[in-house]
Amino acid sequence: MESLLWYATRGAGMVSLILLTVVGCLGMLTVGRWQRPGWPRFLTAELHSNLALLSIAFLAIHILIAVLDPYTSLGVGAALIPFSSPYRQFWLGLGGVSMYLIGAVIVTSLLRARIGRRTWRAVHWLSYAAWPIAVLHGIGTGTDGGEEWGLIIVGGCVLAVLASLAWRIAETRAAKAQMETALPTRRSVS
């Protein structure tokens with residue numbers, strides 16, 4: 001049974017990482033107004049939201065199984081209080097920090113209509129911190145960090161996020177440059 005829990009924790013953790021990576025990439029693409037012919041923007045936003053929910057489900061499974069696994073003897077306290085676990089304290093603590101950052105994003109997303117877009121967006125920026133902290137948690141805590149397949153998955157996730165981030169930065173700069181060139185034109189017409 002312990003072996004089954006160990007595999008389930010690892011699997012749920014990897015699936016969480018992959019899903020959170022896709023969610024982050026879709027978020028950057030949505031904000032950057034990425035569009036393809038025949039693929040409406042709202043569909044990207046809906047896919048982002050639905051995959052975010054699925055990633056939270058796998059994250060909850062990952063945490064629950066880790067708490068139940070007798071090998072690590074985490075307990076609920078170690079899962080809820082970052083850096084309190086005697087087992088790989090620092091790395092598990094990073095997982096706890098990431099969990100709370102993701103939790104803040106979830107709560108504000110659920111309350112978006114009540115708290116307003118500006119507050120929601122400010123808190124949503126925490127996802128830019130939560131993801132790399134989660135990656136570090138997985139590398140430091142995970143037993144698959146040195147395995148070839150683990151490195152490929154983590155490396156692929158990092159490359160996907162870096163590519164999406166680079167695209168978003170380039171898109172933002174291009175939009176800003178376009179607005180700056182359009183402003184003098186408007187003034188000269190007036």
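User: Helices here are DSSP runs of H or I with at least four residues, numbered from the N terminus. In this predicted model, which element gives the largest share of the lining of the largest pocket?

Analyst: Six helices each supply at least two residues of that lining: α1, α2 (41–68), α4, α6 (117–124), α7 and α8. The largest share is nine residues. The element that supplies this share is α2.

User: How many helices does the protein have?

Analyst: Along the sequence, the pattern reads α-α-α-α-α-α-α-α. There are zero strands. The number of helices is eight.

User: How much space lies in the largest pocket?

Analyst: The pocket is lined by 38 residues, and among those nearest its centre are His-48, Trp-120 and His-124. The lining divides into 22 nonpolar, nine polar and seven charged residues. The space in this pocket is about 1200 Å³.

User: How much space lies in the largest cavity?

Analyst: Rolling a probe the size of a water molecule over the atoms shows where empty space is left. The structure holds one cavity of 30 Å³ or more. Its volume is about 760 Å³.

User: Which residues lie closest to the centre of the largest cavity?

Analyst: The lining of the largest cavity is made up of 39 residues. Helices α1, α2, α3 (75–80), α4, α7 and α8 each give two or more of them. The residues closest to the centre are Thr-9, Gly-13, His-62, His-137 and Thr-141.

User: Of the nonpolar, polar and charged residues in the lining of the largest cavity, how many are charged?

Analyst: The largest share of this lining, eight residues, comes from α1. By kind, the lining holds 19 nonpolar and 16 polar residues. The number of charged residues is four.

User: Which residues have the most contacts inside the largest nonpolar core?

Analyst: This core has 15 residues. The residues with the most contacts inside the core are Leu-17, Ile-102, Trp-131, Val-135 and Val-161.

User: Which residues does Trp-131 touch, not counting those up to four places away in sequence?

Analyst: Trp-131 is among the residues with the most contacts inside the largest nonpolar core. With residues up to four places away set aside, it touches Leu-17, Leu-20, Thr-21, Cys-157, Val-158 and Val-161.

User: Is Arg-10 buried or exposed?

Analyst: Arg-10 lies in helix α1. Beyond its neighbours within four places in sequence, Arg-10 is in contact with Thr-143, Asp-144 and Trp-149. Its relative accessible area is 19%. The cut-off is under 20%, so Arg-10 counts as buried.

User: What distance does α4 reach from its first C-alpha to its last?

Analyst: Helix α4 has 22 residues. At 1.5 Å a residue, the expected span is 32 Å. The model comes close to that value, and the distance reached is 31 Å.

User: Which residues of α4 are buried?

Analyst: An α-helix has 3.6 residues a turn, so residues three or four places apart point the same way. The buried residues of α4 are Leu-92, Gly-93, Leu-94, Gly-95, Gly-96, Ser-98, Met-99, Leu-101, Ile-102, Val-105 and Thr-108.

User: What percentage of the residues in the protein is buried?

Analyst: The protein has 190 residues. A residue is buried when its relative accessible area is under 20%. The share of buried residues is 32%.

Definitions and conventions
Residues are numbered from 1 along each chain as its sequence is written. This is a predicted model: local features need pLDDT of at least 70, side-chain atom pairs count only at pLDDT 80 or more; totals for chains, interfaces and linings use all residues. Side-chain values use heavy atoms; hydrogens and water are left out. A nonpolar core is a set of buried Ala, Val, Leu, Ile, Met, Phe, Trp, Tyr and Cys residues joined through side-chain atoms within 4.5 Å. Buried means under 20% relative accessible area, exposed over 50%, partly exposed in between (1.4 Å probe, protein chains only). Contact means heavy atoms within 4.5 Å. On a 1 Å grid over the protein atoms alone, a cavity is a set of points where a 1.4 Å probe fits but cannot get out, and a pocket is an open set with protein on both sides within 12 Å along at least five of seven lines; lining residues have an atom within 4 Å of a point. Grid points are joined across faces, edges and corners, and a volume is the space filled by probe spheres set on the points. Ala, Val, Leu, Ile, Met, Phe, Trp, Tyr, Cys and Pro count as nonpolar, Asp, Glu, Lys and Arg as charged, and the others, Gly among them, as polar. The expected span of a helix is 1.5 Å times one less than its number of residues.
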